[in-house]
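Here's a quick briefing on how this fold packs together. Have a look at the model first, then read on.

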Amino acid sequence: MIHVFIVNPYAGKKTFADDLRGKLADYSRTHRNFKYFVFNTRCRGYETELAKEICKSFENERLRIYCCGGSGTLNHTINGVDNLEKREIAFYPCGLTNDFLKVFGENEKKFENIENLIEGEPIAIDYIKSNHGVALNTVSLGLDSLALKRFEEDYRVLSIFGKQVPYNLSLFYAAVAAKPQMYEVRFDENVVSGWITQLLVGNGNMLNGNLHIFEKADVTDGELQMRYFLNWRRKRIPKALGYMVAGQMDEVDKLSKCEVCSKIAVRRMDNAAFAINFDGELIPNITECRMEVVRQGMQFVVPKGVVL
């Protein structure tokens with residue numbers, strides 16, 4: 001098997017990329033059959049093109065690709081991988097948010113041990129396929145995409161004061177500035193329409209590092225969870241966000257609707273363009289998003305000794 005590491009050198013500590021190369025060199029000295037390559041990304045989003053080239057270069061090999069960074073690194077990488085059901089995807093987290101790993105509960109920290117990750121085995125998990133790419137954790141729009149836009153444009157640099165500082169400021173801005181829009185949402189054989197402030201579609205159960213969006217997630221059941229906030233009054237927004245941060249999902253359920261489905265299509269009823277958040281990556285100026293769950297379509301590596 002070939003192990004390929006796609007490293008975002010701008011994620012985590014400044015020494016992250018060099019530290020990882022050192023750990024891999026040490027591991028290879030005691031494991032002679034360990035064949036690996038390390039590639040640093042050149043710029044944001046370059047992981048997608050890099051993953052495409054890696055898959056071509058090792059087309060006939062058993063290949064494990066390690067996404068070394070945050071949620072964005074993971075998302076960009078899987079969008080460049082062909083045959084997700086045949087390639088093995090591993091996530092070595094060091095970014096501002098590593099939301100998908102929250103589904104592993106107390107085992108989340110074990111993904112930070114690179115030796116155990118190398119010696120881990122893949123499990124088949126679900127992912128979200130859409131007409132705008134794939135996502136592993138969440139797809140969202142409305143308040144959340146507005147917060148992400150402000151985060152990317154103004155607040156990301158404030159992460160030097162703490163990982164959650166820029167996200168919290170972005171959420172505060174969105175809570176004040178967000179306005180509901182008329183959306184039509186089709187899910188399976190059902191349709192809902194109205195003034196929606198926030199819509200969340202999840203394979204996982206956490207967003208932005210500290211927002212609980214669903215009670216729990218099963219990433220092998222072939223189902224998506226969808227939560228939407230219909231006809232919200234503005235004063236409800238801070239209250240709902242507070243409940244989500246605290247994980248008080250019984251209170252969140254009182255302020256929103258939650259559905260389970262396998263296919264979803266969203267558009268604005270005035271046919272205007274909108275932005276959508278794919279695993280923490282903003283996709284602007286779309287007029288419709290169609291998504292569906294691919295049941296157990298990805299081979300996701302868990303560290304040695306970890307079970308889902």
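The largest nonpolar core has 50 residues, and F5, I89, F104, L136, M298 and F300 have the most contacts inside it. A nonpolar core here is a set of buried Ala, Val, Leu, Ile, Met, Phe, Trp, Tyr and Cys residues joined through side-chain atoms within 4.5 Å. Buried means under 20% relative accessible area, exposed over 50%, partly exposed in between (1.4 Å probe, protein chains only).

Keep in mind that this is a predicted model: local features need pLDDT of at least 70, side-chain atom pairs count only at pLDDT 80 or more, and totals for chains, interfaces and linings use all residues. Residues are numbered from 1 along each chain as its sequence is written, and side-chain values use heavy atoms, with hydrogens and water left out.

- Leaving aside neighbours within four places in sequence, L136 is in contact (heavy atoms within 4.5 Å) with residues including L74, F100, M298 and F300.
- A second, separate core of 24 residues includes F187, I276, I286 and M291.

**Around β17**
- Strands are DSSP runs of E, at least two residues, numbered from the N terminus, and two of them pair if DSSP finds at least two bridges between them.
- β4 (residues 88–93) runs parallel to β17 (residues 288–302), with 2 bridges; here I89 stands opposite F300.
- β5 (residues 121–130) is antiparallel to β17, with 9 bridges, and I123 stands opposite F300.
- β14 (residues 263–268) is also antiparallel to β17, with 5 bridges, and I264 has M291 as its bridge partner.

**Helix α2**
- Helices are DSSP runs of H or I, at least four residues; the buried residues of α2 are E47, T48, L50, A51, I54 and C55.
- On the other side of α2, K56 and S57 are exposed.
- Cover for the buried residues of α2 includes β1 (2–7), β2 (35–40), β3 (63–69) and α3 (71–78).
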